[in-house]
Amino acid sequence: MIHEGPKLCERTTIRLGGKALAEVRVAMREDFEKLPGALRKLGGDMRLLGEGSNIIAKDGELPIVIVTKAQVHAPHVTGEDEQYVYLRADAGMRLPALLAAASSLGLTGLEGLTGIPGSVGGAFAMNAGSYGTSFGERTHSVEIFSPHTGFAEKMATDFDFAYRSCALRGHGGWFLAASVTLALGRGDKGAIRAAMRDNYGKKQSTQPVTAKSAGCVFKNPAQGVSAGKLLDEAGLKGMSLGGMRFSPMHANFLINEGGGTYAAAEELLHTAREKVRQHSGHELELEVRIWP
Ligand code: EPU
């Protein structure tokens, strides 16, 4: 299914960005197989969009085609052994819904990711992490689709997972995840739910979880060195420009207070990097993806 001119400000959690050329939505296997041809016809750079929770898009007419994935199947158990139960989820599923499904089945291992608003595919591609849990360490295998391989099952060991990144070794060009199989432990439903509640409470008291943001905008520059703390110490907390503001609660969250623009966001990000460099000598790298 192809839509013309989707607006990124309606499709990203920070609510910024202009119009893409088109959106191609894939659901069934035939849709994936038709995708390379559709993209060739449409032109423009391809970008995969999940829940849009880690993306800051530029203003204006954007020369990109976004590809989105529908959730077709409910998450389902594909097998188990002594140590793990294997739970497969469509990449187009929302991550919070996967966590809810895992907890209802009494499957443990994803509780640390509570409060992350992305999709399963996005959490895999970014190797989303929080409270000591990363998506990659729970991944058992991934069904990918690429123009070169068609559908192919890859093991977690075929990917290099690192802090907020994931790459398929030896694969040139684009691929997309169709579904991800997680290796989860057997746990007690009550204890899993309690851990999720605890983590969400912790997040709510330290991060602006309901604000229009893209989560943390910068990566932590080293293990144990918080970009938020560095930004705070360099005086960025609460700084605002043209409808955008660094959260007074956690300085690594850039918030759209309404009427914000990419231009204002860009200027604030630039100022932030300069000030942190001057104040602490740390070079901050973006965690969010800027489109295009
Ligand atoms: N801090 C400040 N001022 C601030 C922000 C933080 O002093 O404005 C201090 C906190 O008080 C704390 C320390 O910095 O002592 C660390 O803060 P926090 O626990 O919030 O962790 P973080 O390193 O800032 C990382 C991830 C978050 C993830 C949390 C919890 C990155 C860039 N951030 O934040 O991930 O939720 O740990 O695990 O890796 C994201 O990726 O979008 C994200 C929000």
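User: Is Ser179 buried or exposed?

Analyst: A residue is called buried when its relative accessible area is under 20%. In this predicted model, Ser179 has a relative accessible area of 4%, so Ser179 is buried. Ser179 belongs to strand 15, which runs over residues 176-186.

User: Which residues is Ser179 in contact with, leaving aside its neighbours within four places in sequence?

Analyst: Those residues are Arg88, Ala89, Asp90, Ala91, Val142 and Glu143. With Arg88 there is also a polar contact: the two side chains are joined at 3.4 Å.

User: Now a helix. Which residues of helix 7 are buried?

Analyst: Tyr262, Ala264, Ala265, Leu268, Leu269, Ala272 and Val276 are the buried ones in helix 7. Around the axis they cover an arc of only 150 degrees, which means that they sit on the same side of helix 7. The face turned away from that buried side carries His270 and Gln278, both exposed.

User: What covers the buried residues of helix 7?

Analyst: The cover includes helix 6 (227-233) and several strands, among them strand 4 (55-57), strand 19 (253-256) and strand 20 (289-291).

User: How does the reach of helix 7 compare with the expected value?

Analyst: The expected figure rests on 1.5 Å a residue. Helix 7 spans residues 262-280, 19 residues in total, and its first and last C-alpha atoms are 27 Å apart, close to the 27 Å expected.

User: Turning to the ligand, how many residues surround it, and which are the closest?

Analyst: The ligand is surrounded by 20 residues, the closest being Tyr131, Tyr163, Cys216, Asp232 and Glu287. For polar contacts, look at distances between N or O atoms. A polar backbone atom of Cys216 is 2.8 Å from an oxygen atom of the ligand. In the side chain of Asn220, an N or O atom is 2.8 Å from a ligand oxygen atom, and for a polar side-chain atom of Ser226 the distance to an oxygen atom of the ligand is 3.0 Å.

User: How much of the ligand does the protein bury?

Analyst: The ligand taken alone exposes 830 Å², and the protein buries 71% of that. Strand 16 (213-216) and helix 6 are the elements that give two or more residues to the shell. Helix 6 gives the most, with 3 residues.

Technical notes. Residues are numbered from 1 along each chain as its sequence is written. This is a predicted model: local features need pLDDT of at least 70, side-chain atom pairs count only at pLDDT 80 or more; totals for chains, interfaces and linings use all residues. Side-chain values use heavy atoms; hydrogens and water are left out. Helices (H or I, at least four residues) and strands (E, at least two) are DSSP runs, numbered from the N terminus. The expected span of a helix is 1.5 Å times one less than its number of residues. Buried means under 20% relative accessible area, exposed over 50%, partly exposed in between (1.4 Å probe, protein chains only). The arc is that of the directions from the helix axis to the C-beta atoms. Contact means heavy atoms within 4.5 Å. A polar contact is a pair of N or O atoms within 3.5 Å; within protein, one must be able to donate a hydrogen and the other to accept it, and residues adjacent in sequence count only if both atoms are side-chain atoms. A residue is near a molecule or strand if one of its heavy atoms lies within 4 Å of it. Accessible areas come from the Shrake-Rupley method with a 1.4 Å probe; for residues, only the protein chains shown count as cover.
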